[in-house]
Amino acid sequence: MLWKFVLTILLFSCSSLILAETEWQKIKRPIPGEPLPIGSYSNGCLIGAKALPLQGEGYQVIRSQKLRYFGHPEMLAYLTRLGQRVKAAGLPTMLVGDIAMPAGGRFATGHASHQMGLDADIWLKMGGMSRQQAQNPTAILMVNRKLQRVDERVWSNNQTTLIHLAATDSQVARIFVNPAIKLKLCQTVKGDRSWLRKIRPWFGHDAHFHVRLHCPKGAQYCEEQAAIPAGEGCGAELMSWFEPKQPSASVPAKQPPMLPILCQQLLDSPEKQQWLTE
């Protein structure tokens, strides 16, 4: 039975390696230079990132100890504007979750994107917290996962207004929400519904929504995502998310794609040691 014990140890070791920090997670300070997003939202990095102040007008950063409150200046400007609009609308404080790490790049777990500082998570739970509470906050699930519908006990007009304010900014390319939340918005939004086009259904996202900005003008190494289909996205496309899925054969985990050359050069730079300490 010794071979089983050895096999268990090997599997545990492999799992530990998979969950280990990526090289990007070891970087604790932004890479100096003019702000430059490189690559794609799910395979890239960021030069010249800036830190979002942990508290501002209408917003508060949560879980700051994770060092994920860095982003491209246009993302920081967007979140600042949104916080001001949230306050002006009389909404409770907006809670800002992960943006990106100090140099962008790939996470070991938790995010496939957020790699160029142009993505940000905003919680659907609202309201200011003490500094201690903000370090380890508790989210509120807005969706009944069994019924695949919004939980009316916790959903309110505040969530609809927050998403509307977030979407009606020209810098926003798309916003990812749980399909049940998209359905709720499709069923309840009155008047101008043009912004619903930017609201895209995606797995998870039942306690927060994910904002993605367009590539900044002149950012020659930033790869823009394909355009959103025309229309509100409230028809058959949305309803297909609620259809029973046929079980599929297990697919081997894919290897991460090759890094853009400029990102790999940053990791190979002799100056890298300077970025590893806060």
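This is a predicted model: local features need pLDDT of at least 70, side-chain atom pairs count only at pLDDT 80 or more; totals for chains, interfaces and linings use all residues.
Student: Let's take them one by one. Which residue does C45 join?

Tutor: C45 is joined to C263, with an S to S distance of 2.1 Å.

Student: How do I read the handedness of the disulfide of C45 and C263?

Tutor: Look at the torsion about the S-S bond. For C45 and C263 that torsion is about -95°, so the disulfide is left-handed.

Student: And where do C186 and C234 lie?

Tutor: The sulfur atoms of C186 and C234 are 2.0 Å apart in their disulfide. C186 is in helix α5, while C234 is in the loop between β13 (208-213) and α6, so to read this link you follow distant parts of the chain, 48 residues apart. The link of C186 and C234 is left-handed, with -80° about the S-S bond. C186 has a relative accessible area of 10% and is therefore buried, whereas C234, at 24%, counts as partly exposed.

Student: What about C215 and C222: buried or exposed?

Tutor: Buried means under 20% relative accessible area. C215 is at 15%, so it counts as buried, and C222, at 11%, is buried too. Their sulfur atoms are 2.1 Å apart, and their link is left-handed, with -75° about the S-S bond.

Student: C186 brought us to α5. How many residues of α5 are buried?

Tutor: Here you go through the helix residue by residue. In α5 (residues 179-188), eight of the 10 residues are buried, leaving the helix mostly covered. Among them are P179, I181, L183 and C186. The buried residues of α5 pack against several elements, including α4 (157-167), β11 (172-177) and α6 (236-239).

Student: Which residue caps the N-terminal end of α5?

Tutor: N178 does: one of its side-chain oxygens lies 2.9 Å from the backbone nitrogen of A180.

Student: Now helix α2. How do its buried residues fall, seen down the axis?

Tutor: The idea is to list the buried residues, then look along the axis. In α2 they are M75, L76, Y78, L79, L82, G83 and V86. Seen down the axis, the buried residues of α2 fall within an arc of 155°, so they line one face of the helix. After α2 comes G90, with a positive phi, near 75°.

Student: Finally, how many salt bridges are there?

Tutor: Side chains of opposite charge can pair when their charged atoms come close. The count here comes to 11 salt bridges. One of them pairs D98 with R68, the closest N and O atoms being 3.0 Å apart. D98 is in the loop between β7 (94-96) and β8 (119-123) and R68 in the loop between β5 (59-61) and β6 (70-71), so the pair ties together parts 30 residues apart in sequence. Both D98 and R68 are buried.

Student: And R145 and D206: buried or exposed?

Tutor: R145 is exposed, at 57% relative accessible area, whereas D206 is buried, at 8%. Their side chains meet in a salt bridge of 2.7 Å, N to O.

Student: Which residues are linked in a network of salt bridges?

Tutor: The network links E23, K26 and K272. Within it, K26 and E23 have their closest N and O atoms 3.1 Å apart.

Note on methods:
Residues are numbered from 1 along each chain as its sequence is written. Side-chain values use heavy atoms; hydrogens and water are left out. Buried means under 20% relative accessible area, exposed over 50%, partly exposed in between (1.4 Å probe, protein chains only). Helices (H or I, at least four residues) and strands (E, at least two) are DSSP runs, numbered from the N terminus. Contact means heavy atoms within 4.5 Å. A polar contact is a pair of N or O atoms within 3.5 Å; within protein, one must be able to donate a hydrogen and the other to accept it, and residues adjacent in sequence count only if both atoms are side-chain atoms. A disulfide is a pair of cysteine sulfur atoms within 2.5 Å. The arc is that of the directions from the helix axis to the C-beta atoms. A salt bridge is a side-chain nitrogen of Lys or Arg within 4 Å of a carboxyl oxygen of Asp or Glu.
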